[in-house]
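Visitor: I am new to this one. Could you show me around?

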Amino acid sequence: MLTRNCSLLFLCFLLDKGLLSPLHSPPQGRLGKEHHRSMMGLRRNGGAGFQRVKRGWVWNQFFVLEEYMGSDPQYVGKLHTDLDKGDSIVKYTLSGEGAGSIFTIDQTTGDIHALQSLDREMKPFYTLRAQAVDLLTGRPLEPESEFVIKVQDINDNEPRFLDGPYSASVPEMSPVGTYVMQVTATDADDPTYGNSARIVYSILHGQPYFSVDPKTGVIRTALPNMDREVKALYQVLIQAKDMGGQLGGLAGTTTINITLSDLNDNPPRFSKSIFHLRVPESSPVGSALGRIKAHDLDTGKNAEVEYYIVPGDGGHMFDIVTNEHQEGIVILKKRLDYETKKSYSFKVEASNSHLDPRFLHLGPFKDTATVKINVLDVDEPPIFNRPSYSMDVYEDTSYGTVIGAVTAQDLDFGGSDVRYSIDWKRDQDSYFDIDPVIGTISTIEALDRERIAKHNISVVATKVNNPVLASKLAMAYEAFVCENSKSGQVIQTITARDGDNPPMGPRFFFRSPPQDVKDKNFTIRDYGNNTAGVVTRRSGFRRRVQDLYLLPVVIEDIGHPVLSSTGTLAVRVCACDRDGWLLSCSAEAVFLPVGLSKGALIAILVCIVILLVMVVLYVALRRQKDKGTLMTSKEDIRDNVIHYDDEGGRGGGHQRLRHRHPAQPQG
C-alpha cells in the first residue's frame, strides 16, 4: 500500500510539472466542467483572485479494498496542493457521501482513511468533494473539486440460482442433444474486474442422462431412448462456479427435476385372454353385465382405449362401451332366454384412440380377448302360446257353453303345472268363466249383442309350485300407423301401472315376446323410464293390403321374483296428411277423394248418374236406328241371293239359284 502511495505521489509530481498527463481524466459531467471553468477563471483574474498559473490539485480516482478486516483504519489516498509548502497554513476539508462517518481526512497532511469495512455489492463507489483553505483566513485556496472513491471488488460472493429449484419436461425416447432447458446463475461480484464473476456450469449428479453447456447453462439429453415407463423422473444437480471454474472459486448449486413426458409407444394389453361373465336371464335390455380392462402403460390420452365387439359369434346380443376408467362395460342389447340359449361367446378388441406414427413399427396397437357369458336360469312366469285370442259366440248361447280355450306353459327347467283364472275387474268380465286346469272358457250369463257386442277379458296363468309367478293375457289396446309413415318412426308411447305400489316407485321393462322379436312391421323400444315406444320397422303400410296389425307387448317389473304381463296392441293403418294428422282409418274410404265434403260427393255422384242415363239413352236410340237400316239391307241381300236375272243371247228368263240348273232356251 505504501509503494502504491509513493507511486501516486511521483505521478502527481510529474503532472504538476506538466511532464505527464493524468492517468484518469476528471469527470466530464456538470461538476467536472465547472471545475475546469474555475481553474481557467483563476488564470484570467490574476491577483484579483487566486494567484495561479499551473494546475494546483494533485488528485486521482481513489480505490478502497472491500471487506477490510484490519485493526487500523484503511488508508485510501492523499490530497495535496502545490500551495502547500509544508508550513502548516493549508487546511484540507472533505464533504460528500460518507464524509466524516466512513471517510476521514487529515486536515494538515490530506491523508484519507476509511473508518469502516465496506461492501462493494451494497455500494460500489462514493462521490466526495475536497477543498484546500487558508488556515489563518479561512479563505479557499482552490475551488472545491469532486472526486470518486471506488470500492475495489474481492471474490466474496458465490454464484446463485435465483429461480431454483427448477422443473422441466422432455418427451421420452428423445434423441441425444434434445433441448431441455437453460439455467442461469448470477454473481454479485464485479464482472469487469478479474474473474470473480466469470461462471462455469457443470453437472454434479444426473449423468449420463443429461449434459450442460459450461458457458450457457443449456441442458440437453445425453442418452438416447430414455423410456418413461422404465423411469419417469430424473433429479439433476447443476453447479455454477466462479473464477472460471478454477481452484479456489466459489460455487453454487441448484436442482432440476426433469420429467419424461409420455408418448404413445405402448399398446393396450388384456391381463388375460378369456373373461367369464355370469348373467341372469332376467337382466333388462341396456343393463351392464360386467367389465373387462386392457391395461396401457402410457398415461393421459395415450392410454385411452376403445373397445369393439368383433363381428360374428354371439356378439349381436351385446354391446360394449368405454367408461372413464378406460374399462370396457358389456351392455345387454337383446333379451336373454335361458331356455333358448344358455351361453354366448364373442371376441372384444381393445385399441388406442390416439396413435403416434413414429411408433407404428413396433406392431399393432391393439389386443383381443374372448368374453364368455353364461346365462343363469331365473324362475319365470308361464308363457301363453299366443299373445291374444279371438273367440266368436252367438248371443243366444246357453249357459256353460265352451267358446274356446287358452294355453300357457312353464318354460323353466323342470316346468311346473299351470292354473288359469280370469282377472275380474269389470262387470263385463263376469259373463265368462275359465277352467283352472285346462284353460277352457265358457259362458255363465246370457249374452246380448245389442247391449255389448264385444268382450275383452284378461286371463291369468299361475305356476303351481310358485303361485307368485303369474302371466296375464291382457285386453287389446289400439293405436294407429299412417300409410306414409317412415321406417324407425315412433307411432305410440305406452306405459304401465303396478298395483303393488313398490316403495321406490314402479319400474317396468317393455319388450316383444321371444317369438315376435323378428317381427318385420313393429318393434318395442324401452326408454328406461317406465315408458316404451312402438317403432315402425318399415314403410309402405297400405289399408287395402292389411288394415289391422296385432302387436303383443310383454311388461315386466323389477320385483323378486319378476312378474310380467302380456298386452296386445291393435295397430290400425290410417290415412294421414303430410303433418301426420289422422284423416281416416276406414277401409271403405280408400276410394273416396280426400278433402271433399259429403254434399260435394253426393253432387258428384248425381252428375255421374245423369251422365250414365244420357249415355244409356243415346246408345238405345242408336241401336234402334241401326236395327232399321239393317233390316232393309237384309231384304236387299235376300233378293239378290234368291233371285237371279239372266239376259242371254237367246232371250231372258228367271231361275232359282238353289236349283243350280243351267238356263233353258225358249222358242
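Guide: The questions below take up a disulfide, a surface patch and a sheet in this predicted model.

Visitor: Which residue does Cys-482 join in a disulfide?
Guide: The count of disulfides here comes to one. Its S to S distance is 2.0 Å, within the 2.5 Å limit. Cys-482 sits in strand β32, and its partner lies 94 residues away in strand β38. That partner is Cys-576.

Visitor: Is the disulfide of Cys-482 and Cys-576 left-handed or right-handed?
Guide: Both cysteines are buried. The torsion about their S-S bond is about -85°, so the disulfide is left-handed.

Visitor: Is Val-606 buried, partly exposed or exposed?
Guide: Val-606 is found in helix α3, residues 598-642. Buried means under 20% relative accessible area, and exposed means over 50%. Val-606 has 44%, so it counts as partly exposed.

Visitor: How much accessible area does the nonpolar patch with Val-606 have together?
Guide: The patch is on the surface. Its members are Ile-602, Val-606, Ile-610, Leu-611 and Met-614. Together their accessible area is about 480 Å².

Visitor: Which residue in β14 is the bridge partner of Gln-182?
Guide: β11 and β14 (residues 218-221) pair over three bridges, in the antiparallel sense. The bridge partner of Gln-182 in β14 is Val-218.

Methods: Residues are numbered from 1 along each chain as its sequence is written. This is a predicted model: local features need pLDDT of at least 70, side-chain atom pairs count only at pLDDT 80 or more; totals for chains, interfaces and linings use all residues. Side-chain values use heavy atoms; hydrogens and water are left out. Two strands pair if DSSP finds at least two bridges between them. Helices (H or I, at least four residues) and strands (E, at least two) are DSSP runs, numbered from the N terminus. Patches are made of residues with over 30% relative accessible area and no salt bridge: like charges are joined within 9 Å, nonpolar side chains (Val, Leu, Ile, Met, Phe, Trp, Tyr) within 5 Å. Accessible areas come from the Shrake-Rupley method with a 1.4 Å probe; for residues, only the protein chains shown count as cover. A salt bridge is a side-chain nitrogen of Lys or Arg within 4 Å of a carboxyl oxygen of Asp or Glu. Buried means under 20% relative accessible area, exposed over 50%, partly exposed in between (1.4 Å probe, protein chains only).
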